Every structure is written in C-alpha cells, then in structure tokens.
Amino acid sequence: MRFFALAFVVTLLVSACGGGSSEDAGASEEVSVATEAAESTPLGTASIAGTITFDGEAPARTPVRMKPECMDQHDEAPLSEDALVSDGALQNTFVYVSAGLPDGYSFATPAEAVVLDQVGCQYAPRVLGMQTGQTLRIENSDPFQHNVHPFPEHNRSFNESTPNEGDYLEKTFLVEEVMVSVKCDVHSWMQAYVGVLDHPYHATSGADGAFSISGLPSGTYTVTAWHEQFGTQEMQVTVGDGESGQADFTYSAAS
C-alpha cells in the first residue's frame, strides 16, 4: 500500500512539472528558432559594385619552382599568382565594408562552408572571405600529403596535415581579421589569404576585376580594397534602398 501511494505522488509531481511533454518540447524549439531569427538583422536592398584595375605595365608572372610530384600535376609550367592582371583588370583583390553598418547589426552564421582546395600544389582560390564562426573546409585534391598552416594575429592557429587525396579539415575563425595568411610547410610556395568578417558584405575580384556586394541597408559606408602585393585603399560610398553604388579602385606599380 505504501508503494502504491508513493507511486501516485510521483505521478502527480511529474504531471505538475510538465513531465517532458512532446508539445512543450516543440514549443521550446519554436521559441528558440524565433529568438535566433529575431537576433539576425534582415538584409537590405542596396548594393555596391565596381572594378579593380591596374594602371601601367602588368607585372611579369614568374615560373614557380615546384617539386617533381607537383609539376606532374600540371600540363604547363605553373606561374606565380601574387599579381594577376589581364587587360588591365586586377584579380584576387579582397573588397569589404569596413565601416558604416549601424550599431547592433548581427548576422546569422552561414550554414554553407567556404571551401579552400589544395590542387596542383596550389591553394584555390588564393583569396577568399568568410564570416566569423563559418566553417572553412580545406580539401586535398592531390595524391600526396599537404599540411595547412595559417598565421593569424587574432585567431587561434593550427598546423594539421591532409595526408591523402580526398582528405579534408574543417575549421572556424571566431574573430574578425583581414587577412589570415595560410601556408603549407611541405610546399613552401603555397599561399592563400582568408578575410574573416562578422558580416556578409565582402567579395573578391574575379579575372575581369569586377566585384559586387549586395544586401546592404541604405547608408554611407567605407569600402576597403586589399591586395597582397599592392596594399590597401578605401573610399566612401552612399547608397539608398534599391540603389547600386559604384566603387572603382585603381592600383599601379607604385602602390
């Protein structure tokens, strides 16, 4: 009789506390999702686009001295990639909004990973951007070992190998930093740069020198361009809702 009385009391207590009801659990999940969505700032309708150009004679590309197993991955002798100019267009310039976003803006971490490949004993792409907390997936597409060694000033470093073709690492950087240099200690010429920001407003110029940054709220922004050889430039751009602002940068050998 004592046992049944105790069981009855326990049942009442569980019922009073909710007892792990599936409906309550679902409600908690919905509240959590709603809170997360509320904390993420909606994207705007303005954009900034432009072209990165190089004034003067294009820098000569020099042959990269690689190990035999790396040379075997190329049909032609690979050339340096630190200054890629084609018909006056400068590739691999990292462009980002460095000031002007209103206080309190925050953005959800993208679910999709940013991919940095190791192929032909070179990093591809050479210059890329990502958000703080976003996954950086570093893949090995070569049939031999590489190692990945970033040299951040504000983020935690690591030095890990991808021994075989198909191997990969997944890492994150938690602090804004422009730029994080990435090397391979096995192949000293391998070089990449990662721009880490707490917002999605960044782009890298393509082979035509063009870039585009979208989803901005209306406002006045400082737009900064970074190139590994020619340094940093910036300008202010004002855009309204639905408008597209222009930000063209020109580098030269004297930069």
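Two strands count as paired if DSSP finds at least two bridges between them. Helices (H or I, at least four residues) and strands (E, at least two) are themselves DSSP runs, numbered from the N terminus. In strand E8, Ile-138 is the bridge partner of Leu-116.

This is a predicted model, in which local features need pLDDT of at least 70 and side-chain atom pairs count only at pLDDT 80 or more, while totals for chains, interfaces and linings use all residues. Residues are numbered from 1 along each chain as its sequence is written, and side-chain values use heavy atoms, with hydrogens and water left out.

**Confidence**

The predictor's confidence in each residue, pLDDT, runs from 0 to 100. The chain averages a pLDDT of 88, and 84% of the residues score at least 70. Over residues 1-38 pLDDT stays under 50, and for this stretch the model has two contacts (heavy atoms within 4.5 Å) beyond four places in sequence.

**Strands and sheets**

Four strands form an open sheet in the order E6-E5-E8-E11, with mixed pairing. E6 and E11 are the edge strands, each pairing on one side only. From one strand to the next the twist averages 20 degrees; axes are lines fitted to C-alpha atoms, for helices over the stretch in contact, and angles run from 0 to 180 degrees between N-to-C directions. Within this sheet, strand E5 (residues 114-119) pairs with E8 in the parallel sense over five bridges.

Strand E12 (residues 177-183) pairs in the antiparallel sense with strand E9 (residues 146-151) over three bridges. E12 also pairs with strand E13 (residues 191-197), again antiparallel, over five bridges. Ser-181 in E12 stands opposite Phe-151, and Val-182 stands opposite Ala-192 in E13. E12 is mostly covered, with five of its seven residues buried. Buried means under 20% relative accessible area, exposed over 50%, and partly exposed in between (1.4 Å probe, protein chains only).

**Salt bridges**

A salt bridge is a side-chain nitrogen of Lys or Arg within 4 Å of a carboxyl oxygen of Asp or Glu. By this rule the count comes to four.

Lys-171 lies in strand E11 (residues 168-171) and Glu-160 in strand E10 (residues 160-162), so the pair ties together parts that are eleven residues apart in sequence. Glu-160 is partly exposed, at 31% relative accessibility.

Arg-137 and Glu-139 belong, with Glu-170, to a network of salt bridges. Glu-139 is partly exposed, with a relative accessible area of 24%, and Arg-137 is partly exposed at 23%.

**Surroundings of Gln-134**

Gln-134 lies in the loop between E7 and strand E8 (136-140). With a relative accessible area of 7%, Gln-134 is buried. Leaving aside neighbours within four places in sequence, Gln-134 is in contact with Thr-109, Pro-110, Glu-112, Ala-113, Val-114, Lys-171 and Thr-172.
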